[in-house]
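Me: I have a new structure to look at. Can you walk me through it?
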Amino acid sequence: ELIGFFEKYCQTVFDRYQDKVKFWLTFNEINCGTQDMGNLFETSMIQGFEGPASAVHTTPQARMQALHHQFVASGRVVRYAHEHYPQFKMGNMDCFILSYAATCDPVDVFATQQQMNSMNWYCSDVQVRGKYPFYAKRFWAENGVELAMEDGDLQDIADGESARGALDSSPHLSNSTIWHYNHHRHAHNVALNQEEKTYGSV
């Protein structure tokens, strides 16, 4: 039901601003939905809550299911934009949390790769390539996730890919945090001051 509301909203905004806006993204920092912090800010699964964002917790099942619905909604909207407004350039927006291995131990490097996959690449792979990445099923199995999909969902996602023929607007990645990971899954935040923060697009 909410997907339909989102489609109507986007169609209205596209029609109103078609001559003023060329570059569009469907969901801001969509990958925050992979983390608990996204319950408030990205997937909006928590309502009526008062307190710190760090106190909000949901399950991987709930987060991945909510993201699946957003991928479908995004795909439908991108398809609509391509069909009705060929001048539009559609992209995605990630909150790119950069990670480095704590040591050169291959186990640490692999742990970092897994963290980067789940935090950063999971959502951008779906939106840019139009399909779930090769590691998605393993990630779901390891976290007890069983996505409920309806007929046509995967086609909607495929229709919403940003990387088609002539590239649309590339993903906009903002990087403001660096994490160092070791194989014990412990991490410490390396805070960057305002002057050191970098933003870019690829």
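Reply: One term to start: buried means under 20% relative accessible area, exposed over 50%, and partly exposed in between, using a 1.4 Å probe and protein chains only. By that rule D36 is partly exposed, at 22% relative accessibility.

Me: What sort of model is this?
Reply: This is a predicted model, where local features need pLDDT of at least 70, side-chain atom pairs count only at pLDDT 80 or more, and totals for chains, interfaces and linings use all residues. Residues are numbered from 1 along each chain as its sequence is written, and side-chain values use heavy atoms, with hydrogens and water left out.

Me: Which residue forms a salt bridge with D36?
Reply: R63 does, with the closest N and O atoms 2.9 Å apart. A salt bridge here is a side-chain nitrogen of Lys or Arg within 4 Å of a carboxyl oxygen of Asp or Glu.

Me: And is R63 buried or exposed?
Reply: R63 is buried, with a relative accessible area of 10%.

Me: How many salt bridges by this rule?
Reply: The count is seven. One of them joins the side chains of R76 and E7, at 3.3 Å from N to O. R76 lies in helix α3 (residues 60-84) and E7 in helix α1 (residues 2-17), so this pair ties together parts 69 residues apart in sequence. Helices are DSSP runs of H or I, at least four residues; strands are runs of E, at least two, all numbered from the N terminus.

Me: New topic. Where does G91 lie?
Reply: In strand β2, residues 89-91. G91 is buried, at 4% relative accessible area. G91 and W24 are 67 residues apart in sequence, yet 6.1 Å apart in space, C-alpha to C-alpha.
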